[in-house]
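Please consult the sequence and the structure below while reading.

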Amino acid sequence: MASYAEGEMYFKTLEETDDITQLTEEIKEAAIPATQKKELLDKLGKKKRDLIELEKIQMKECLESCIAALGKKDIEVIAIRDKNQTAPKLVKGITKKMKKKSFMLLCKNKADVSIAVCVCKEHLDKVGAKKWFDLAAAPVQAKGGGKGGNIAGKGTNVDGFEEAEASARAFLESIQL
C-alpha cells in the first residue's frame, strides 16, 4: 500500500543528500503514491542538474587557481586538498593554457590522491618525470603510468598527502633549472 508519510520522508532526505543515484533508486523502489514519486524524481533531476552546474563552476575556479599558482614560474608543485576534481581533468586544462611550463598536480579528496606530472620539452633533460612522480607516489601508495614527460596515477593512502607534497617540493629544490 502506498504511503504518503513514507513519501514525505523522501522529501526531507532529498534536502539533506548529495547522493542522487542512491536516492533515485530508493524512490523508484519505494511504495509511495505515483504522483509523489514523480514529484520526487523531478526534484532529484533538478538537484542533479544544479550539482553538475556547481561542479563546473568549482572546476573553472580550481583551474584558474592552478594557473595562477604557476604564474611566472617555469616549474611548480600544485596541491589541491578536499576537492572532487581529479588531476587528469585539471592537467588537460592547465596544459592548454600554459605552454613551456612544467608542473606536478596533487589532488586529495576523501578517498584517494591523484597525481599528474607534466614536464615540458625544455625541462626533460633536467627533470626526470618518472623520478618526480615516484617520489610523490610512494607516500600515497600511488601507481601510474605515462610516457615522455607526462605521467598520471592514483593512490589510496590519503594520510600520506603532505609527505608526497613535501617530497615533490624537495625534488624541485634539488634540481637546477
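How many of the seven residues of strand β1 (residues 75-81) are buried? Five of the seven are buried, and strand β1 is therefore mostly covered, where buried means under 20% relative accessible area, exposed over 50% and partly exposed in between (1.4 Å probe, protein chains only). The model is predicted: local features need pLDDT of at least 70, side-chain atom pairs count only at pLDDT 80 or more, and totals for chains, interfaces and linings use all residues. Residues are numbered from 1 along each chain as its sequence is written, and side-chain values use heavy atoms, with hydrogens and water left out.

**Sheet**

- Five strands form an open sheet of mixed pairing in the order β1-β2-β3-β5-β4; helices (H or I, at least four residues) and strands (E, at least two) are DSSP runs, numbered from the N terminus.
- β1 and β4 (142-147) stand at the edges, each with a single partner strand, so one side of each has no neighbour in the sheet.
- From one strand to the next, the twist averages 10°.
- β1 pairs with strand β2 (residues 102-108) in the parallel sense over seven bridges, two strands being paired if DSSP finds at least two bridges between them.
- Within that region, F103 in β2 is the bridge partner of E76.
- β4 and strand β5 (residues 150-155) pair in the antiparallel sense over six bridges, and G146 has I151 in β5 as its bridge partner.

**Helices on the sheet**

- Helix α3 (residues 34-70) packs on the sheet and touches β1 and β2; contact means heavy atoms within 4.5 Å.
- The direction of α3 makes about 150° with that of β1; axes are lines fitted to C-alpha atoms, for helices over the stretch in contact, and angles run from 0 to 180 degrees between N-to-C directions.
- Helix α6 lies across β1, β2 and β3 and runs at about 170° to β1.

**Helix pairs**

- The axes of α5 (129-140) and helix α6 (residues 161-174) come within 7 Å and cross at roughly 160°.
- That angle makes α5 roughly antiparallel to α6; angles under 35 degrees count as roughly parallel, over 145 as roughly antiparallel, 65 to 115 as roughly perpendicular and the rest as oblique.
- The residues that make this contact include W132, L135 and P139 of α5 and F161, A164, A168 and F171 of α6.
- Helix α2 (residues 20-29) and α3 have axes that come within 10 Å and cross at roughly 170°, which makes α2 roughly antiparallel to α3.
- In this second pair, I20, L23, T24, I27 and K28 of α2 meet residues of α3, among them L40, L41, L44 and L51.

**Two buried loop residues**

- H123 is found in the loop between β3 (113-118) and α5, and H123 is buried, with a relative accessible area of 8%.
- The side chains of H123 and S102 are joined by a polar contact of 2.6 Å; a polar contact is a pair of N or O atoms within 3.5 Å, where within protein one must be able to donate a hydrogen and the other to accept it, and residues adjacent in sequence count only if both atoms are side-chain atoms.
- D112 lies in the loop between β2 and β3 and counts as buried at 14% relative accessibility.
- Leaving aside neighbours within four places in sequence, D112 is in contact with C107, K154, G155, T156 and V158.
- D112 and T156 are 44 residues apart in sequence, yet 4.5 Å apart in space, C-alpha to C-alpha.
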